[in-house]
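Here is a friendly tour of a protein model for you to follow with the structure on screen.

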Amino acid sequence: MNLPGKLPRSSLGPLVLIAAIVGGGAAAFAYTAGWLSPGRLTPERMIEALTPPSGPPLGRRRNHAKGICFTGTFEANGNGVELSRAKVFMQGRYPALGRFNLGTPNPNAVDATVRVRGLGLQVTADGEVWRMAMINPPFFAVSTPQAFHDLLIASGKKDPDAMKTFIQANPEFGHFAAWAKTAPWTGSYAEEAYHGLNSFIFTDAKGGDHAVRWSLLPAAQPVPISQADLEKRGPDYLEQEIAERVRTTGPLRWTMVTIVADPGDPTADPSKAWPETRRKVEVGTLIVQRIEPERDGPCRDINFDPTVLPEGIRVSDDPFPAARSSVYRKSFDLRAAEAKDYPRTGAAKP
């Protein structure tokens, strides 16, 4: 699982790379909520599977270890109140903070070697906190937490048949692998759409429930770039570019769109996208106003636990949010205990 410094060249290499870096918010899981016994899958085992051969990234997140902080606002337009009574959907402006990141356990990874990009977000509205974790693929790589663990194990083996065996047992991964090979790359976090792939239940003021997912769609026009050209721009280009873009052009915007499920749509399997014909409701705009390095930034100590939800939003039968919550908690405890390995600089803000 050690991420290569150079781009993979063999036919199987890209699949191994994809397996090693797949994630985003949905990148680290333990099986919780009672449907997997502790002996089979635990937060510790999942973190062990995520750990590269070179060792854990001390003081850092155990996955999505490379990232940069931002602060801004979420401007709710009021449309969301038809779906949820959460205060964050009432028309108004609410403080937001978050983190652009790469789906890798290597904090020193070269940007062009990481296919999955993520965005962790926290919005606070009148004392209620909503945390979420999103990634740029429109569907997740596998259908269960156990399958994700198996993917990590298979990708870390030297046996050339390990990934082939995994794909035979988990054919949904082929859909994700096709996306990873063919979807265009961009040269900026600002040009990505970020998707909350897990299903949640929104409850409206009348007590009605709605199964939803959501996406953040960028106002910036995506400009395709080849993976090779991105590599030429430097190992840390994405962080440098987003900071310079905000400095020179001002705040960046994403429209939050909720997608409402029809009866029968799968809510427990994030590897299955819902049809494009499903009802969509634009509920507001994320505005990114300031970029700060993670080491001293406001996102450093935020655990983007997707089960931290305001009144009016709750988890569905999708097992991944609760599973990630336990792994995120363990990861947070580890990096907090290792703070000396990733010390703050104490630099004053300008």
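## A tucked-away tryptophan

Trp274 is buried, with a relative accessible area of 8%; buried means under 20% relative accessible area, exposed over 50%, and partly exposed in between, using a 1.4 Å probe and protein chains only. This is a predicted model, where local features need pLDDT of at least 70 and side-chain atom pairs count only at pLDDT 80 or more, while totals for chains, interfaces and linings use all residues. Residues are numbered from 1 along each chain as its sequence is written, and side-chain values use heavy atoms, with hydrogens and water left out.

You can find Trp274 in the loop between β9 and β10. Helices (H or I, at least four residues) and strands (E, at least two) are DSSP runs, numbered from the N terminus. Which residues does Trp274 touch, not counting those up to four places away in sequence? Contact means heavy atoms within 4.5 Å, and the partners of Trp274 include Ser199, Arg213, Ile259, Ala261 and Asp265. Trp274 and Ala261 are 13 residues apart in sequence, and their C-alpha atoms lie 7.3 Å apart in space.

## The nonpolar cores

A nonpolar core is a set of buried Ala, Val, Leu, Ile, Met, Phe, Trp, Tyr and Cys residues joined through side-chain atoms within 4.5 Å. The largest one has 49 residues, and Phe100, Leu121 and Trp130 have the most contacts inside it. β10 gives the largest share of this core, five residues. Leaving aside neighbours within four places in sequence, Leu121 is in contact with Phe70, Trp130, Leu216 and Phe304, among others.

Another core, of 28 residues, lies apart from the largest one; among its members are Leu41, Ile47, Phe140 and Phe166.

## An enclosed helix

Helix α3 covers residues 145–155, and nine of its 11 residues are buried, so it is largely enclosed by the rest of the structure. Among the buried residues of α3 are Phe148, His149 and Leu151.

## The disulfide

A disulfide is a covalent bond between the sulfur atoms of two cysteines. Here a disulfide is counted when a pair of cysteine sulfur atoms lies within 2.5 Å, and the structure holds one. Cys69 and Cys299 form it, with their sulfur atoms 1.9 Å apart. The torsion about their S-S bond is about -75°, so the disulfide is left-handed. Cys69 lies in strand β1 (residues 66–76) and Cys299 in the loop between β10 (280–293) and β11 (313–315), so the pair ties together parts that are 230 residues apart in sequence. Both Cys69 and Cys299 are buried.

On a 1 Å grid over the protein atoms alone, a cavity is a set of points where a 1.4 Å probe fits but cannot get out, and a pocket is an open set with protein on both sides within 12 Å along at least five of seven lines; lining residues have an atom within 4 Å of a point. Grid points are joined across faces, edges and corners, and a volume is the space filled by probe spheres set on the points.

The largest pocket has a volume of about 350 Å³. Its lining has 17 residues, and Pro138, His195, Ser215, Ile259 and Glu276 lie nearest the centre. β7 gives the most to this lining, with four residues.
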